[in-house]
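Please read them with the structure open.

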Amino acid sequence: MTEQRRGIGWIWPRLRRSWLPLVLVFVVVAGGVAVVGVVRPASRVATASVLINPLDGNPYSTGSRGQNLTNLQTESQLVTSDAVVAIAKRTIGTDEDFPALAAKVSVDTPSNTQVLEISFAARTTPAAVAGANAFAKAYLATRAQRADANAASQLALYTAEANKIRAAMTSTGADLANTSATSPRGQVLTQQLTVYASQLAKVQATISDLRTSQPEPGQVITPAADATGGLGLPVYLLAGLLLGLLAAAFLAGWLAFSDDRVYVPADLSRAGFTALGDAAPLSTVDAPTTDADRSRRVMVSVGATAPATLLVVDAAVAAARLAISFAKADNSVILIDAARGALTEALDEPAIPGLSEVLVRKREAVKLLRRPRPRLAFLASGADPDAAADRFQSDRWSAQLALLAQHADYVVLSASATDSLALASSSSAAILCATAGQTRVRDLRATADELERCGGSVLGVFLTAGEAVSDCHPAAESEQEQSISPAQSESDRVDVAAAERPSPRPKQAERTAAGRP
């Protein structure tokens, strides 16, 4: 069997009922990736460069020993101190605790420079840029506060020293006033006053410098403007969307290729069966013939040349439509219910003698035929369909079927899938039934193989709509409208005497079946 090309017409019927698992897979995958993007560690990193000046009160100070680049390593440690984190936290406006916020900060010190590179990691670029700039400014502000605190402490010390010198000068001046200036003691006191005055002048100069000096902690020479590093949240959202679509597409492909159910006639052709169209519900025996009926009639007549016995498997309504279609084309047809009453129920026939009486009670089949319309005769299932099914391979059945075949162009048998195996060898061709969206190709092939092993030949497959009342399930056919009225005129009844008269096979113009001209 050669596989035909499969397009959207093949895929869509298999997926239109599976949209819920596809949507669920898309939502789960896309949502999972989005959640990863939300809860993942910070990945976007922004960096601000800070030039620092030696400043008293800090490791990198103006002292002769502290003014060296080695102390910049200590300065880098101060960037994550609680004082700096507290200022940066207020600037950023976050509610994170100090350790979590400090963990996002890293400091690099380029060799032989007075520059600190302060980096901040966040989930988004704006957050990373804001964090880096906030910590750079907070660090400089903290250095200035340290210098101010150091200057205030020194100012207090020098002020106390000046007060001390002034007190000493006052005491020495009092002693000098009571002593002669030319005496040795007076000369010593005068010399002490001169020293005190010199010391006080130096202290006051220092105090003046401390009060007027402004600390210069440094400056941000390159503020953070962009971030580098890992993926941002928008990228995760887009990736989740794409991965969700890919997962849904993969699942859709798997569902489509693993589904061997029949949806459209092309599926039957790909499986090697002949599609005979659909079988619409049977509302009345005189309903207009559809294009599907005409097409099916032509295909069946080409595959099984009259006279022929056609076995319709598990499709009571399809068997009735096929028989009615042949009868409207001026062919004499006998329709037999071998489906244990399914066809009788579908045609709304009364419980009258039929096939079971022919096979069990030895009555003649031609005497029990009913004619619902011109050139169409019907043999009901009878009172005991199960007993009749046990005799489908008997000589009695073969003889009666041969006798009926002499009076019709086509004998249409409607049988269940189980009973069709016993009827396969006595029919010219078999027709299977498939329900769109329900019947699987492997089941059709298994049924066809069983029929062929029993001596039958599969002519084609009916395809009925899955949404409508399934023709492949005779139990549902009782809900259809009454198709054939049991009340018939005397002219419609079987001419039993003519049927019982032994005669050679009549000509086409003289052929009678159940009293039909």
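Which strands does helix 10 lie across, and at about what angle does helix 10 run to strand 12?

1. The model is predicted. Helix 10 lies across strand 6 (308–313), strand 10, strand 11 and strand 12. Relative to strand 12, helix 10 runs at about 165 degrees.

2. The sheet itself is open and has 7 strands, in the order 8-9-7-10-6-11-12, with mixed pairing. Strand 8 (370–373) and strand 12 each have a single partner strand and stand at the edges, so one side of each has no neighbour in the sheet. From one strand to the next, the twist averages 25 degrees.

3. Two of the pairings can be checked in detail. Strand 11 (residues 429–435) and strand 12 (residues 458–464) run parallel and are joined by 6 bridges; T435 has T464 in strand 12 as its bridge partner. Strand 7 (residues 333–338) and strand 9 (residues 376–379) also run parallel, with 4 bridges, and V333 has L376 in strand 9 as its bridge partner.

4. Helix 11 packs on the sheet too, touching strand 6, strand 7, strand 8, strand 9, strand 10, strand 11 and strand 12. The direction of helix 11 makes about 170 degrees with that of strand 7.

5. Strand 12 deserves a separate remark. Although strand 12 stands at an edge of the sheet, 7 of its 7 residues are buried, and the strand is mostly covered.

6. How do the two helices pack against each other, in angle and in distance between axes? Helix 10 (residues 291–303) and helix 11 (residues 316–328) make an angle of about 85 degrees, and their axes are 10 Å apart. The two helices are therefore roughly perpendicular to each other. On the helix 10 side the contact involves D293, R296, R297, V300 and S301, which meet R321, L322, S325 and F326 in helix 11. By class, this contact has 3 nonpolar, 2 polar and 4 charged residues.

7. The aromatic pairs number 3. In one of them, F326 and Y410, the ring centres are 4.0 Å apart and the planes lie at 25 degrees; planes under 30 degrees apart count as stacked, so this pair is stacked. F326 belongs to helix 11 and Y410 to strand 10 (residues 410–415), so the pair ties together parts 84 residues apart in sequence.

Key: Residues numbered from 1 in each chain as written. Predicted model: local features only at pLDDT ≥ 70, side-chain atom pairs only at ≥ 80, totals over all residues. Heavy atoms only, no water. Axes fitted to C-alpha atoms, helices over the stretch in contact; angles between N-to-C directions. Parallel < 35°, antiparallel > 145°, perpendicular 65-115°, else oblique. Contact = heavy atoms within 4.5 Å. Nonpolar A, V, L, I, M, F, W, Y, C, P; charged D, E, K, R; others polar. Phe/Tyr/Trp six-rings, centres within 6.5 Å; stacked < 30°, edge-to-face > 60°. Buried < 20%, exposed > 50% of the residue type's maximum accessible area, 1.4 Å probe, protein only. Pairing = 2+ DSSP bridges.
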